[in-house]
Amino acid sequence: NVSVVLFTCDLRLHDHPPLRAALDGSRQVVPLFVRDRAVDRAGFAAPNRLAFLADCLRDLDAGLRERGGRLVVRSGDLVEEVCKVAGEADADEVHLAADVSAYAHRREERLRRALEAEGVRLHVHDTVTTAVEPGAVLPTSSDHFAVFTPYFAHWSRRRLRDPLTAPRTVHVPDGVGSEELPSRAGLSGLSPGLAAGGEREGRARFAAWLRSGVEAYEDRHDDLAGDATSRLSPHLHFGTLSPVELVHRSRRVGGPGAEAFVRQVAWRDFNRQVLAARPAAATVDYRAKHDRWRTAPDEVEAWRAGRTGYPVVDAAMRQLLHEGWMHNRGRLLTASFLTKTLYVDWRVGARHFLDLLVDGDMANNQLNWQWMAGTGTDTRPNRVLNPVTQAKRYDLHGEYVRRWVPELADLAAPAVHEPWKLQGLDRAGLDYPEPLVELSEGRERFLRGRSS
Ligand code: FAD
């Protein structure tokens, strides 16, 4: 018999339960990726992610070829394409990883019905895209955890399944046609400093991280200039790395750095279980409401371009433009700046992030934006991050600002964080904007908005 394995956000061969189940039950397997036109139409086909995805698909195909197989790539309506491939291969089973968004749920149900009508069974596998699946740990009084700390206490006590090895051989039946693999060539609008994708790249990065990064993670993860986080987020988003394997191997290294790192990976599971239980949280305020957000198009444009006049905010926004990635501390303070200081709807910022972030992810992006905007599950929703205080704490010597804002490259700290304080010619010689807004004014407007 023949099985189809439909790859979505799990573009790897190591620790892949759907692939293992298919290989255990079948003589032949069709590894399939469908570029879903509905996802493109919904505006998620951002160039940076398409480029990273192309790398991942090419690497997956190469890995399969080393094992005697190949990747079948199609594009169109996902349900129709899977049914067609199942028909061409005469398959009796399709294996798929569970996903959390409202769209993914609807798509899975459509797929199940369409396949059943053809006599093909759909198997959906947990713990492929998360370490602990949504719904596995629950509070006594609700269908999900809204606050991270108690979630994490339960999450930490779960026994994770053992990671699976990559298969040795994969036999793909003849007669199933594939489109050409996508490539980076021909994509325009890419961030110049975009990272490379693919399972091999992800595994190499993770191995290097365990050898020489994770140990210092607890102390250094907030150091903007130090860039001392794992940068594994795009690999987790596209599933070139398995969260289960990540947690196992990090725990084996042990120590405070590895513990802090595992805690962040649990944040990812946390957001996914919120989105699974509250699909509308991707677009609608999760808890508190702000009905009178400002539109302020010029201010939003200055924020996007990294021209707000607040150096650390501008540095972070320019890192995003250049790399399609931003340090977590930068994400926090730029999101606070947009939603609290400028008092602009978090969805405007979340959209811009999704247009550029190579790790742009429905659960992590939307829920972190909600958290920072004070509309989500933050237990301190009135917190406003002051970009000057943040800069002095997390970019003590101004190195991060100088790296990304060349107009300020000749300034030392603390002047580099407050160029408006410079006098006379020192100020006049800088081609750098005045602050867009007074911080105290923004802060008061936000707090008034909340209480009214
Ligand atoms: P590390 O610090 O090395 O952490 C390891 C992994 O843990 C990350 O790769 C990520 O998968 C997970 N993680 C870390 N922090 C968080 C967090 N706060 N919430 C959830 N998971 C976390 N992350 C995304 O993956 N996609 C997004 O679209 C995204 N948008 C964000 C938007 C805002 C406004 C904010 C404040 C955060 C956002 N994050 C997002 C979370 C976090 O900033 C990134 O995951 C992290 O910066 C990625 O860098 P890293 O891989 O070096 O992280």
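Modeller: We may begin with a term: a cavity is a set of grid points where a 1.4 Å probe fits but cannot get out, and lining residues have an atom within 4 Å of a point. Please bear in mind that this is a predicted model.

Biologist: Which residues line the largest cavity, and which element gives the largest share of the lining?

Modeller: The lining of the largest cavity consists of Thr8, Leu96, Ala97, Ala98, Asp99, Ala104, Arg107, Glu108 and Leu111. The largest share is four residues, and it comes from α5.

Biologist: How many cavities of 30 Å³ or more does the structure hold, and what is the volume of the largest cavity?

Modeller: There are three cavities of 30 Å³ or more. By class, the residues that line the largest cavity are five nonpolar, one polar and three charged. The volume of the largest cavity is about 80 Å³.

Biologist: How many charged residues does the lining of the second largest cavity have?

Modeller: The second largest cavity, with a volume of about 50 Å³, is lined by Trp267, Phe270, Asn271, Tyr286, Leu367, Gln370, Trp371, Gly376 and Thr377. Here α11 (255-277) and α16 (362-373) are the elements that give two or more residues. By class, this lining has five nonpolar residues, four polar residues and, as for charged residues, none.

Biologist: Where does the ligand sit, and what is the volume of that pocket?

Modeller: The ligand sits in the largest pocket. That pocket is lined by 49 residues, and those nearest its centre are Gln264, Trp267, Asn328, Leu332 and Asn368. The volume of the largest pocket is about 1,400 Å³.

Biologist: Which element gives the most to the lining of the largest pocket?

Modeller: The elements that give two or more residues are α6 (148-157), α8 (217-220), α9, α11, α14 and α16. The lining divides into 21 nonpolar, 16 polar and 12 charged residues. With nine residues, the element that gives the most is α11.

Biologist: Which element supplies the largest share of the shell around the ligand?

Modeller: The ligand is surrounded by 28 residues, the closest being Tyr217, Thr229, Ser230, Arg231 and Asn328. In this shell, 13 residues are nonpolar, 10 polar and five charged. At least two residues each come from α9 (233-238), α11, α14 (328-341) and α16. The largest share, six residues, is from α11.

Biologist: How many nonpolar residues are in the lining of the second largest pocket?

Modeller: The second largest pocket holds about 1,100 Å³ of space. Its lining has 46 residues, and Val39, Phe44, Tyr103, His237 and Met362 lie nearest its centre. Elements that supply at least two residues include β2 (28-36), α2 (37-44) and α3 (47-66). By class, the lining has seven polar residues, 12 charged residues and, for the nonpolar class, 27.

Notes
Residues are numbered from 1 along each chain as its sequence is written. This is a predicted model: local features need pLDDT of at least 70, side-chain atom pairs count only at pLDDT 80 or more; totals for chains, interfaces and linings use all residues. Side-chain values use heavy atoms; hydrogens and water are left out. On a 1 Å grid over the protein atoms alone, a cavity is a set of points where a 1.4 Å probe fits but cannot get out, and a pocket is an open set with protein on both sides within 12 Å along at least five of seven lines; lining residues have an atom within 4 Å of a point. Grid points are joined across faces, edges and corners, and a volume is the space filled by probe spheres set on the points. Ala, Val, Leu, Ile, Met, Phe, Trp, Tyr, Cys and Pro count as nonpolar, Asp, Glu, Lys and Arg as charged, and the others, Gly among them, as polar. A residue is near a molecule or strand if one of its heavy atoms lies within 4 Å of it. A molecule sits in a cavity or pocket if more than half of its atoms lie within 2 Å of its grid points.
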